[in-house]
Amino acid sequence: MRLDIISIFPEYFSPLDVSLIGKARERGTLDVRVHQLRDWAHDVHRTVDDTPYGGGPGMVMKPEVWGEAIDAVVGGGAASHGTPRMIVPTPSGRPFSQEIAQELAAEPWLLFACGRYEGIDSRVMHEYGARMRVDELSIGDYVLAGGEVAVLVMVEAVGRLLPGVLGNAHSAVDDSFAPGAMRNLLEGPVYTKPPVWRGHEVPDVLLSGHHGKVARWRRDQALRRTVANRPELAAAIDPATLDKHDRKLLDDLAFRVGPEDMAH
Ligand code: ADE
């Protein structure tokens, strides 16, 4: 997969040299290219922003600079990769999710356009939206100083899904938000050796070697944790995916799952 990132702070992306993503780059699974936006600004100050039309605080990133940058980056690779899917991180975007990470992991080429200040002139998304898929995505309901950290988050979430990036091919299968039986369930607590640490014991069932009981215990823990930490996720669990034991546990927690009962 090819990844282009355009930013006024290319140095933000040095974490992509390390760990899983760094190894994937060394192996050639990931071809990451980081570009300095100011390379396409032509005045002496290499200006990338200006005051907003209509007034208001802050500055807006200029469309001409972005247009030249994107044309240069996209034009350069057109022969081998077609057009990229463009991602613009912004707190005003659709929520980024595991589902979107999976969708992006299937793309051959992603282009991330990092805005700073109040954002990028909207005509840039309009212009490129006519030629390629453009998604404005938010990583959460908080405001960062710019899109760089959001891009690091998305690149890591997407990168670990690429074939051969995770050491253990099965590690991504029971992620909390992966599709399948455990969808909408958070992962429960995990333990390793020693069996007793500072007086705290590992739950007996995990030492029992009884796979059925371990699986049941893990599911109980997942349900409990989801109800406690993410009640809105727990409420969205499809009741058809719950067995008798699950229902009893949720009853004991006085937690209701599925659509509201219209009777009262
Ligand atoms: N830029 C600033 N805040 C952001 C957020 N929450 N998600 C994505 N990009 C952002």
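So, what's a pocket here: on a 1 Å grid over the protein atoms alone, it's an open set of points where a 1.4 Å probe fits, with protein on both sides within 12 Å along at least five of seven lines, and lining residues have an atom within 4 Å of a point. The largest pocket comes out at about 430 Å³. Of its 25 lining residues, Pro89, Thr90, Pro91, Glu118 and Gly119 are the closest to the centre.

Quick caveats. This is a predicted model, with local features needing pLDDT of at least 70, side-chain atom pairs counting only at pLDDT 80 or more, and totals for chains, interfaces and linings using all residues. Numbering runs from 1 along each chain as its sequence is written, and side-chain values use heavy atoms, with hydrogens and water left out.

What takes up the space of the largest pocket? The ligand does. Around the ligand (a heavy atom within 4 Å) you'll find, among others, Leu137, Ser138, Val143 and Ala150. By class, that shell has eight nonpolar, four polar and no charged residues, while the pocket lining has 13 nonpolar, nine polar and three charged. For those classes, Asp, Glu, Lys and Arg are charged, Ala, Val, Leu, Ile, Met, Phe, Trp, Tyr, Cys and Pro nonpolar, and the others, Gly among them, polar.

Now the backbone. Ile139 puts a backbone N or O atom 3.0 Å from a ligand nitrogen, Tyr142 has one at 2.8 Å, and Leu144 one at 3.0 Å.

Conventions:
A polar contact is a pair of N or O atoms within 3.5 Å; within protein, one must be able to donate a hydrogen and the other to accept it, and residues adjacent in sequence count only if both atoms are side-chain atoms. A molecule sits in a cavity or pocket if more than half of its atoms lie within 2 Å of its grid points. Grid points are joined across faces, edges and corners, and a volume is the space filled by probe spheres set on the points.
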